[in-house]
Amino acid sequence: MEEAVNRLIEKSNHDPKFTKQMKDFLQLFNRFLNEKDQTGIQWSKIHAPTEEHVKPYELLNDEKDEEKLKNLLSKLVVVKLNGGLGTTMGCTGPKSVIKVREDDNFLDLTIRQIDYLNQKYKVDVPLVLMNSFNTQEETEKIIKDPKYTNSKVRILCFEQNQYPRIVKDKLIPLPEDIPNEQNKEGWYPPGHGDFYSSFYESKIYKDLKQEGKEYIFLSNIDNLGATVDIKILKHLIENQIDFCMEVTKKTLADVKGGTLINYEGEGIKLLEIAQVPKEHVKDFVSIEKFKIFNTNNLWINLNSIESHLENLKAKVEIINNEKEVEGVKVIQLETAAGAAIQVFHKSIGIDVPRSRFLPVKKCSDLLLVQSNLYQLSEDCCLVKQIEGEPPVINLDDNYYKKVGDYLNRFKEGVPDIRNLIELNVCGDVYFGKNVKLEGKVNIQAKQRNQLANGTELHDQTIEL
């Protein structure tokens, strides 16, 4: 492997940035080789985290003083993970430009939220986008749009690392040449755990540190609940916390999400389902035993990244992601940003309201956030209009997987679902105007069919 990587470095004419990436890749690969035969998590060492490790959000203090609020926000940087494409939802380009509320996409809402804070408190909270090689070029063009350049938000971009995919049976890099248009399939962005080293190596890190910024709020751009929370920021600054993970209560929809544990002799750690021994998976997905999961809303002390960087590279668990590329079985070595909680000295979790976790991963999620269950508040945040959990929605992937297909079937408007508990749609159904769904509703269609304007369904199963 080392020889093959050195040949790639030579082909880059020893480009300093590329050389650094390849050395980091080799370090990750060598760790993978050394650790793959080691014993994993020992189940008997796992204990529930205490209140010392996970703070209830309700116990955090508000800040009412405007000058103090301004001072808190002046230390903040918002970072959004923007490396993903919209391909799983049938879109081309960065996922962040998929429209989620009327004409606003993920990026629009993020910028409007920060713009509101900057104008209200007369501060300069910048927005930093971590792009991958898949999204960097297009994002740089998108943010030059006048609707962004006229806002009161500084938008900064950096590109995360790209590593070569590994041929599984030979343990050599799949690409034989440095990254180019022809061999894109040979390279991959190594997960959001790569944030720490990529951000540290960027000019943006040094500039923000020089400006006196102290805390980063890092989250997925498709999580519409991940907005700036001043109560959390205040708690972290006052208690000089290095790292904070927002967790929330599990529901049956979240059973595979990573959870925080107190690992005997090592303190607080993130436990992912991939690390769980097969005989204990049933325990892991239990809502009774593991009650919280990681939202991937993370708060990180800017200065502590530098002092913990080598440990982050050496200790954060490696995710072995196996794929097939053009008939070749490959390995992608990745890391998760939340797993860094074990590395930082002063780390905590905060058990936040469910409203701070509102991801849009598929078109059924899009239906929820576009419906009358949510309203856009003055500060451009989505606010749920009902008590309790939102309904469970299952749309037939054959007809609703792609955003264009979904929008076509709801072009007359999204139904009233304020009193809906569960919706299952099987088949090709077009929804008319002013449809109202309540309770548990099942709609089945053997062929393309239309739900008439003004249809009201309550606890019904219908065949069209």
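Residues are numbered from 1 along each chain as its sequence is written. In this predicted model local features need pLDDT of at least 70, side-chain atom pairs count only at pLDDT 80 or more, and totals for chains, interfaces and linings use all residues, while side-chain values use heavy atoms, with hydrogens and water left out.

**Exercise 1. Helix α1**

Determine which residues of helix α1 are buried and how they are arranged around the axis.

Solution. Step 1: helices (H or I, at least four residues) and strands (E, at least two) are DSSP runs, numbered from the N terminus. Helix α1 spans residues 2–11.
Step 1: buried means under 20% relative accessible area, exposed over 50% and partly exposed in between (1.4 Å probe, protein chains only). In α1 the buried residues are A4, V5, L8 and I9.
Step 2: the arc is taken from the directions from the helix axis to the C-beta atoms. The buried residues of α1 fall within an arc of 145°, so they line one face of the helix. An α-helix has 3.6 residues a turn, so residues three or four places apart point the same way.
Step 3: exposed residues E2, E3 and E10 sit on the face of α1 turned away from its buried side.
Step 4: the cover over the buried residues includes α2 (16–35), β10 and β11 (187–188). Just after α1, N13 has a positive phi of about 60°.

**Exercise 2. Helix α3**

Identify the buried residues of α3, what they pack against, and the residue that caps the N-terminal end.

Solution. Step 1: helix α3 (residues 66–73) has L69, L72 and L73 as its buried residues. They cover an arc of only 95° around the axis, which puts them on the same side of α3.
Step 1: these buried residues pack against β3 (76–81), α4 (106–121) and α9 (230–238), where contact means heavy atoms within 4.5 Å.
Step 2: the cap at the N-terminal end is D65, with a side-chain oxygen 3.0 Å from the backbone nitrogen of E67.

**Exercise 3. D108**

Decide whether D108 is buried or exposed, and find the residue whose side chain it joins in a polar contact.

Solution. Step 1: D108 belongs to helix α4. Its relative accessible area is 6%, so D108 is buried.
Step 1: a polar contact is a pair of N or O atoms within 3.5 Å; within protein, one must be able to donate a hydrogen and the other to accept it, and residues adjacent in sequence count only if both atoms are side-chain atoms. The side chains of D108 and Y148 are joined by such a contact of 2.5 Å.
Step 2: leaving aside residues up to four places away in sequence, D108 touches D103, K147 and Y148.
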